[in-house]
Amino acid sequence: MTASIQDRKLTGPYCGYHQNWEGESLRELTEVGAGTPSGELLRRYWHPIHIADEVGDLPKLIRILGEELVLFRDLSGNYGLVHKKCPHRRASLEFGRCEQHGIRCCYHGWVFDIDGTVLEIPGEPQGSEHVRHAMEHIHLGAYPVREFRGLLFAYLGPPEEIPAFPLYDTYEIPDLVMTPYAVPFNCNWIQVLDAIVDPVHTAFLHESQFSDGFGKLGAIEFYHRDKIRFLGTASRRVGENIWVRVNELILPNFTQAGAAFACDGTQLRHFGRSAFTRWVVPLDDRHTMAFAWGNFGDRADPHEFNTLEGMQRIEQGEVLDRSYEERQRRPGDVEAVEGMGSIADQEKEFLLPGDKGVSLYRRQLRQLARNLEKGQAPPQPADLGTEFVPTYGSDTVLHRPETSEFDDHQLLRETGDRVMNILFDCDEGPAPERDHRIISQLQQLG
Ligand code: FES
Ligand SMILES: [Fe+2]
């Protein structure tokens, strides 16, 4: 990169002419199809693929990790996720019919169970050698699906490597209402994912959308914990308080942060939890879906935001359906990341210390993909805890007035570190106990 800058004389006043070269994306990370490094890595994890309620009596053609797939619910209520094309003569199963068990192809009526087993071949004499042979030897490509709290999750990897379905501590928070949502991005998944470990962007892009406190840069810190967990903290001064907001990424694509609306740093708060529990799921190289639950209740955002518009604002800072002029005047995350193009040319980026979270997680993602190519199975979120995975995305607001002895930036930094040490020290034990321990230790801080 440095060499190419020098070779091409890219800097200097009015150097537009010299910068007219095509930059590449980080293809090892951006490509998600089968057989690509990241595509294979992603295929070793469960991903949300749809909102359960939005699957009706008709099959749905969907795209996940570059694969065209058909999602359906059979009349017994079981979900199937199968390759689009029928193994007989390639008709699309999106035009199929849901049966008591499985799906019937529209063309010659073959029936397939949710695991791809051929159940019926009605167009040939039953019991014939051809039918018996076909039923034994043909399988429609299928993937396991699991419904959890209104989201459908699928695993698209080798069936002999299915990982445990991770259960996060967020699911254990009492009285938390979790409402599924899906927000599309017309661009590659990496540029969407980057934002979660980028606490600097919050101070600029989201300054006017949430509260004044968001507009402060504060002290930024990054943590790389375990092999797959990345945290970015922003500790900001709001009057006599210090607000420590923790953004969280668990590789490859699980994200949480603090609240969007419940916290502005003016009221004390101890381990308030994330506005969303969210996955950044690549549909293909140029399209991404943020599948999530919006989290509502005392520990997350107020119930009044539990609406379609509220969840779009939680996800984006703004509602989605806006004119071009509105988007220019008040851009949200979607404008920032789609504006980079459908696949960003990261080769032309210039990263600074505030981008450390981005470079850290990208490096580890690349490493895990390379390890997998060499046969090393990737670490799983379910391995991060025994009964549940402890997570850290949160807001804590402590009473910490500025003092004359200390440089305030130093105080912000120290306070952020102390909060994180409490969170890290409380990993063990059942989720509700951990929660109480964290809250009471934070309350002792202020
Ligand atoms: S193409 Fe599907 S049954 Fe013939
Ligand atoms: Fe953002």
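In this predicted model, 13 residues of domain 1 are in contact with 13 residues of domain 2. The domain assignment places domain 1 at 46-158 and domain 2 at 163-445. Their C-alpha centres lie 36 Å apart. Strand β1 gives the most to the side of domain 1 that touches domain 2, with five residues.

**Where the domains meet**

- On the side of domain 1 that touches domain 2, β1 and β2 (60-64) each supply at least two residues.
- By class, that side of domain 1 has seven nonpolar residues, three polar and three charged.

**The chain as a whole**

- The secondary structure comes to 12 helices and 20 strands.
- The C-alpha trace spans about 90 × 60 × 45 Å along its principal axes.
- Buried residues make up 45% of the 446 residues in the chain.
- Take the contacts between residues at least 6 apart in sequence: 63% of them join residues at least 24 apart.

**The three-stranded sheet with β1**

- An open sheet of three strands has the order β1-β11-β10, and its pairing is antiparallel.
- Strands β1 (46-51) and β10 (145-148) stand at the edges; each has a single partner strand, so one side of each is left without a neighbour in the sheet.
- From one strand to the next, the twist averages 35°.
- Four bridges pair β10 with β11 (residues 151-155), in the antiparallel sense.
- Phe148 stands opposite Leu151 in β11.

- Strand β14 (residues 229-238) is mostly covered, with nine of its 10 residues buried.
- On one hand, β14 is joined to β13 (residues 219-225) by seven bridges, and the two run antiparallel.
- Phe222 stands opposite Gly232 in β14.
- β13 and β14 form a hairpin with three residues between them.
- On the other hand, β14 pairs with β15 (residues 241-250) over 10 bridges, again in the antiparallel sense.
- Val238 has Asn241 in β15 as its bridge partner.
- β14 and β15 form a hairpin with two residues between them.
- Gly239, in the turn of that hairpin, has a positive phi of about 60°.

**Helix α7**

- Helix α7 (residues 308-316) is mostly covered: seven of its nine residues are buried.
- The buried residues are Gly310, Met311, Gln312, Arg313, Ile314, Glu315 and Gln316.
- Their cover includes the strands β12 (177-185), β18 (276-284) and β19 (287-296), along with the helix α9 (333-338).
- Gly317 follows α7 and has a positive phi, near 85°.

**Backbone exceptions**

- Most residues other than glycine have a negative phi, and most peptide bonds are trans.
- Asp226 is not a glycine, yet it has a positive phi of about 55°.
- Asp226 sits in the loop between β13 and β14.
- Asp226 counts as exposed, because it has 12 C-beta neighbours inside 10 Å and the cut-off for exposed is 12 or fewer.
- Asp175 is a residue other than glycine with a positive phi, near 60°.
- Asp175 is found in the loop between β11 and β12.
- With 8 other C-beta atoms within 10 Å, Asp175 is exposed.
- The peptide bond that joins Leu251 and Pro252 is cis, with omega about 5°.
- Pro252 lies in the loop between β15 and β16 (254-256).

**An exposed loop residue, Ser404**

- Ser404 is found in the loop between β20 (394-399) and α11 (408-425).
- Ser404 is exposed, because 4 other C-beta atoms lie within 10 Å.
- Ser404 and Glu28 are 376 residues apart in sequence, and their C-alpha atoms are 50 Å apart in space.

Definitions and conventions
Residues numbered from 1 in each chain as written. Chains lettered and ligands numbered in written order. Predicted model: local features only at pLDDT ≥ 70, side-chain atom pairs only at ≥ 80, totals over all residues. Pairing = 2+ DSSP bridges. Axes fitted to C-alpha atoms, helices over the stretch in contact; angles between N-to-C directions. Buried ≥ 20, exposed ≤ 12 C-beta atoms within 10 Å, placed from the backbone. Contact = placed C-beta atoms within 7 Å. Domains from an automatic or database assignment. Nonpolar A, V, L, I, M, F, W, Y, C, P; charged D, E, K, R; others polar.
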